[in-house]
Amino acid sequence: MHQTFDAALGINLLHANQKGADHNRAHFDEWGITCFNIMSSPGAGKTVLLERSLAVLTDDLKIAVIEGDMTTELDADRLRQYGVPVIAINTGRSCHLDSKMVAGGIHQLEHQYNPVDFDLVLVENVGNLVCPAEFEVGEHIKVALLSVTEGEDKPLKYPVMFQEADCLLITKIDLAPYLDIDINRIAANVRQMNPHVTIIAVSAKTGEGLEHWFNWVKSQVLNQRSSATATEMLPA
């Protein structure tokens, strides 16, 4: 378990991380890139969602991925098959990506490519329902996944992830008929934590709900561009 406050050094780790996240976001804004932070517990389906997304969204968007994993590049290698730049970051014993780690990924991307060519950076965080939501990495959008196999009560037991999310994907809904679980109850529990979150139920296996997700992603990229343009037009 990480400590959010290092009493010995008197350093607020979250504050230091936030400064780094703001710096990362400034880079993304300068380059006209929208950044999504994809978060969930292990096995909720982040990587397969990204595979399905890259197969479709790269027709309209120039995408790069920053792939977090504790020890391997197994997921990064899966995503590289879709012809997009994938920067792999191994966190070792850390259960989440932080802004400093992602800054390293950004610098690798900047060194190897012209960053202004990209529309969207997808950060696949390490699987964990708590820490990734506490440590911003410079994202504009937080996306949380919750699979139907995890149970209806996870939003109530691990509220921070669901309170922080802009979008909640209920995944593996093709398995719902075989489980004693109610997707509407999951959604209701999420809305107790976050009444305004966008909720999309999807199955990467059958494709149900994915078109809704793809359209939501494209709408967020357009919204981010519009916000950036409006900011540039404000009088100094």
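A surface patch joins residues that have over 30% relative accessible area and no salt bridge, and for nonpolar side chains the joining distance is within 5 Å. The exercises below apply to a predicted model.

**Exercise 1.** Determine which residues make the nonpolar surface patch of about 310 Å², and where Leu 175 lies.

Solution. The patch is made by Leu 175, Tyr 178 and Leu 179.

**Exercise 2.** Describe the backbone and the exposure of Lys 172, a residue in the loop between S8 and H8.

Solution. Although Lys 172 is not a glycine, its phi is positive, at about 60°. With a relative accessible area of 28%, Lys 172 is partly exposed.

**Exercise 3.** Classify the packing of helix H1 (residues 13-31) against helix H4 (residues 99-112).

Solution. The axes of H1 and H4 are 8 Å apart, and the helices pack at an angle of about 25°. Angles under 35 degrees count as roughly parallel, and H1 and H4 are therefore roughly parallel to each other. As to handedness, the crossing of H1 and H4 is left-handed.

**Exercise 4.** Locate Tyr 82 and give its C-alpha separation from Leu 50.

Solution. Tyr 82 belongs to the loop between helix H3 (74-80) and strand S5 (86-90). Its relative accessible area of 30% makes Tyr 82 partly exposed. Along the chain Tyr 82 and Leu 50 are 32 residues apart, while their C-alpha atoms are separated by 9.9 Å.

Definitions and conventions:
Residues are numbered from 1 along each chain as its sequence is written. This is a predicted model: local features need pLDDT of at least 70, side-chain atom pairs count only at pLDDT 80 or more; totals for chains, interfaces and linings use all residues. Side-chain values use heavy atoms; hydrogens and water are left out. Patches are made of residues with over 30% relative accessible area and no salt bridge: like charges are joined within 9 Å, nonpolar side chains (Val, Leu, Ile, Met, Phe, Trp, Tyr) within 5 Å. Accessible areas come from the Shrake-Rupley method with a 1.4 Å probe; for residues, only the protein chains shown count as cover. A salt bridge is a side-chain nitrogen of Lys or Arg within 4 Å of a carboxyl oxygen of Asp or Glu. Helices (H or I, at least four residues) and strands (E, at least two) are DSSP runs, numbered from the N terminus. Axes are lines fitted to C-alpha atoms, for helices over the stretch in contact, and angles run from 0 to 180 degrees between N-to-C directions. Angles under 35 degrees count as roughly parallel, over 145 as roughly antiparallel, 65 to 115 as roughly perpendicular and the rest as oblique. A crossing is left-handed if the near helix is turned anticlockwise from the far one by less than a right angle, and right-handed if clockwise. Buried means under 20% relative accessible area, exposed over 50%, partly exposed in between (1.4 Å probe, protein chains only).
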